[in-house]
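Open the model in your viewer and keep the selection tool at hand. We will hop from stop to stop, and at each one you will learn what to select and what is there.

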Amino acid sequence: MKTLRQLAQELEARGLSAEQRRVIEYELALAERSGAADVHLPGPAPAARSLYSYVDPDLFAQGLPSPVASMVAAQSLDHLLQRDLQREQDGFPRKIRIGKLVKPGRDGDDKVVVIPTTVEEKLIHDSVPEDEEGEGQDPGEGGAGEGEEGEVIGEQPVREEQGGGSGSGQGQGGAHELESTVYDLGRVLTEQFALPNLRDKGKKRSLTRFAYDLTDKNRGFGQILDKKGTLRRVLQTNIALGRVQAGAPVDAGALMVSPNDRLYRILSREKDYESQAVVFFVRDYSGSMAGKPTELVVNQHVLIYAWLSYQYQNQVETRFILHDTEAREVENFQSYYQMQVAGGTQVASAYRLVNRIVAEEELTRDYSIYVFHGTDGDDWDTYGEETLPELEKMLVYASRIGITIAENGLEGSRRSEVEKYLTKSGLLEAKKELLRLDVMSKDSTEARVIEGIKRLIS
Amino acid sequence: MELISQHAKRIMEGCKERARQAGLRFGDETLEYIVTNRDMVALGPKVMIPTLYDYWVQDVEVLREQGRYELYPNNPYETVINTRPPISYYNDNNPDWLNVMIFYHVIGHIDLFQNNLFFRHTWDYDFAGRALADKRLFAKLRSEKGRWVDYVIEFARTIDNLVGYFDLLAETDGGAKGGRPLSLLDYYFDIFLQRGPKPAVSLYAKEIERYNRMRREFPEDGELRFLKSVTEKHRELEALHAKKVQEKQQVGRTDPLRFLMEYSPFLNREENRWMLMILEVIRSTSLYFQPQIRTKILNEGWASYWHDTLFLGDDRIRGHEVDYAIVNAKVTSMPRVGLNPYALGMRLFQYLEQQADRGRTGLAYFQTHDRRKRQQFDRATGQGRDYIFHIRENYCDSMFVNQFIDQDFVDQHRLFVVGKRLNKERMTWQYYVRSRKAADYRQMVADSLYHPPRVEVRVDENNVLVLDHQFEGKPLLRDFISGVMLGLEYLWGGEVHLYTSVPIPVKANREDDGQVREETPKRIIEWKRFRYTMKDKTLARTLAE
């Protein structure tokens, strides 16, 4: 943490406004209070099993299927969404949510997402927030067996891989049994929420994959008769035989048809040409991102990922990058999703890392590259002196850079640093086709998040 | 869904006989169904009630990130439902011995459903039949009113966890509605003197003393004289008392659904009266489920006690003891960490039976303080069975837990409260034995019981509906407030206010210059009363005090 403090002092030496100092101090304070070197916890505390979750069928091993699996919409998704749209027209907020839902692909398969979900709001008690040690007013759990008071009876690694979760950042777990592919979610988003299709899908690249298609033509036999082609050949033959004269009316009944004139389409192996994309998801996980901003950013990134998967027919590679004052790449969406916030903020570090990865792996050659960055807009690099050059480098190769600023509301409604220096740099105007910025307040709804995606990708 | 085979049914009739001999009491008729995956598709979302009304949320996965059981105060996915006759569900390929075991368990549940006084309001009708009628009613309304039916269902369901279950119990108990009328004297001592955050005990004692003195000095009209002196001193007293009395006379004071049905100007308009039917259905459905969630430990403990007792005594299934032991261990073993209601409830029943067998339930035992004498205390009354039957009839979870978990029980089963803390060096969550005291264990169990917030309803000037959330040391889940109040505004037809307490962290660890002190002080919370206002579908929050 010393380095963080040193960094802050360096910045201080260069001069800071009162407001910037306040933000920096706030993040420093958060970071230092946690005290440990590695302050980003990869997930929330494990939740206790509710006493009401013990039920007969489970325990008696009757093998009855879980009723949860039966929640697969008996009504079609389209119907549900239609109903939701109707709600809006009737003056009530939408209820069906899409995208609160992540199950990271193990071994790279992207089975990820649950589809329609909702929550029935009721007045219920919330727990009093715990402090960092997880001690709080937590009543504890039951236990039985040996052990003195105070004795540790077991431990559970914090980095345990868990099933997906509904929360994000600091949200809570709870595996979702339902699965659907990201691809489906992308389709739903594209169709139901009128997200645009990609105009330019980048350059095509042949893969060692084949599709079987009725594209080849064959004379004499085949699967489907190509009527137009056949007629054309019949005419050619008859012209050659002199049975059809220019100017004279054609008597179709008198045409001769040779077996060889029949033109068929035949099933054949085709090399598949596909475009590929690599998407960098970059998330600010500094201390000021706590709570809502993180949730918004992560939600938006899930949806963007889904949409791109659909657009690229699943040929999307994803890279996940988290940054505070330093950037690091994490393996999967899970970590990206659940890693908790702490530390200061330097956007440049993340952009530098993206640039390095792209350069080292020569990604520009084969891929369309997308970068989506979510932040609360705070940056210790107040004027973007380091960030902007990195961003410009990125603009050279990227197909689209989308920056989402989810305001943390820490300092009222003033514009954040990132927003300020981006606007000032003129890049937003000059590279309009490549660089997009979306600023949303921390109270934004799901609909606003999707609206934001439109802005970033249209 | 098809009925279980005649062969299996015959076995189950045998189980009933044996259960009756052991003292369980239940109706003659039961229905047992075989369920397949396909049946579960229909049953699951309808909490195993095949005839429950249709509602679109049943078609959508419901987010369970926040306390599922707080939201749904019923036991979904149980093997047996409390209908007339009770219906239980079995898998197609269960072996006979497993069906027998399950059926004994089911009989335990049925016995509790039909004898526990907390279920009394469900005794007089068949819920499956009633639900079917409700389902048809909704279908008919839908054909007339379209999607508005679903909106009303949705809004009614936002408060269906706040039904006045205990009012209903009090009424079915034959007691006068609302109990004794509130006299001015009661009001003065019980409410007026104790208002405010810190009522002065000395003042209260002084007043009691003064009252008693007056009664002594003027045997005929001492009370009147006292009241006269009091009303002269506090001129507002009588008006406040009158207001309180009036409030108490209103129905549904802690039952927003009933309150709305009774007093909502919007719902009682001629063209909206159909909505009342929906509210009534939602309310009665919710009331039907209330006792179930409040007797989880009792119910599962009772059923486990009986399947264990009856199965092992059943001569027909000799040879399956080992199979049985495996399944039974899964059901009724105490987890190292966790709270298994089957295990806890069964052990508590067994413990109480032993205690009562030795007569350790009366005054004589509790007045014995000598440890050795206590250990040897045995009156050999043999009242154990009777005692636990008495408990199954008269108790619910919170009474069961608070009254009977004592140090002997905790020691006997080596129970403890588990704490959890983060070890930053090893990056692990550590579980440790936090306490082995009965009081702590009891508190821990009591805290994990279902407990919906208590909300009092009244109407303010300007016809504003006011919900007053009684503070019990917990905040309301803020994310949900907006949705609930939106629905209430619709059903009330006007502005709605909600008063609740919110924890505000006190920033003790930050000084003015933003510097942080070296050590990390314990976080302090301060509770502040806030008012949420829902008007024209917009929610606002203001500090109320």
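Before you click anything, one definition: a residue is called buried under 20% relative accessible area, exposed over 50%, and partly exposed in between, using a 1.4 Å probe and protein chains only. This is a predicted model, where local features need pLDDT of at least 70, side-chain atom pairs count only at pLDDT 80 or more, and totals for chains, interfaces and linings use all residues. Residues are numbered from 1 along each chain as its sequence is written, chains are lettered from A and ligands numbered from 1 in the order in which they are written, and side-chain values use heavy atoms, leaving out hydrogens and water.

**Stop 1: a residue on a helix of chain B**

Select Ala239(B). Ala239(B) counts as exposed because its relative accessibility is 53%. Its place is in helix H11 (residues 237–249) of chain B; helices here are DSSP runs (H or I, at least four residues) and strands are runs of E (at least two), numbered from the N terminus.

**Stop 2: chain A**

Switch to chain A, which has 13 helices and 14 strands. Of its 458 residues, 52% count as buried. Next, select Leu235(A), Ile239(A) and Val250(A), a nonpolar patch on the surface with about 250 Å² of accessible area together. Patch members have over 30% relative accessible area and no salt bridge; like charges are joined within 9 Å, and nonpolar side chains (Val, Leu, Ile, Met, Phe, Trp, Tyr) within 5 Å. Accessible areas come from the Shrake-Rupley method with a 1.4 Å probe, and for residues only the protein chains shown count as cover. Ile239(A) is found in helix H6 (residues 227–241) of chain A, and it counts as exposed at 51% relative accessibility.

**Stop 3**

Color domain 1 (1–164 + 265–332) and domain 4 (455–543), two of the domains assigned to chain B; the bounds come from an automatic or database domain assignment. Their contact (heavy atoms within 4.5 Å) takes 14 residues from domain 1 and twelve residues from domain 4. Which three residues supply 42% of the area that domain 1 buries against domain 4? Select Phe155(B), Pro265(B) and Phe266(B), which supply more of it than any other three residues. Buried area means the accessible area (1.4 Å probe) that two parts lose on being put together, summed over both.

**Stop 4: charged pairs**

Side chains of opposite charge can pair when their charged atoms come close. A salt bridge is a side-chain nitrogen of Lys or Arg within 4 Å of a carboxyl oxygen of Asp or Glu, and the whole structure has 43 of them over all chains.

Select Glu217(B) and Arg213(B), whose side chains meet in a salt bridge (4.0 Å, N to O). These two are separated by about one helical turn because they are four residues apart in helix H9 (residues 201–217) of chain B.

Then try Asp314(B) and Arg316(B), joined by a salt bridge at 2.8 Å, N to O. Is Asp314(B) buried or exposed? Asp314(B) counts as buried, at 2% relative accessibility, whereas Arg316(B) is partly exposed at 36%.

**Stop 5: a cis peptide bond**

Finish at Arg84(B) and Pro85(B), which a cis peptide bond joins, with omega about -5°. Pro85(B) sits in the loop between strand S4 (80–81) and strand S5 (87–91) of chain B.
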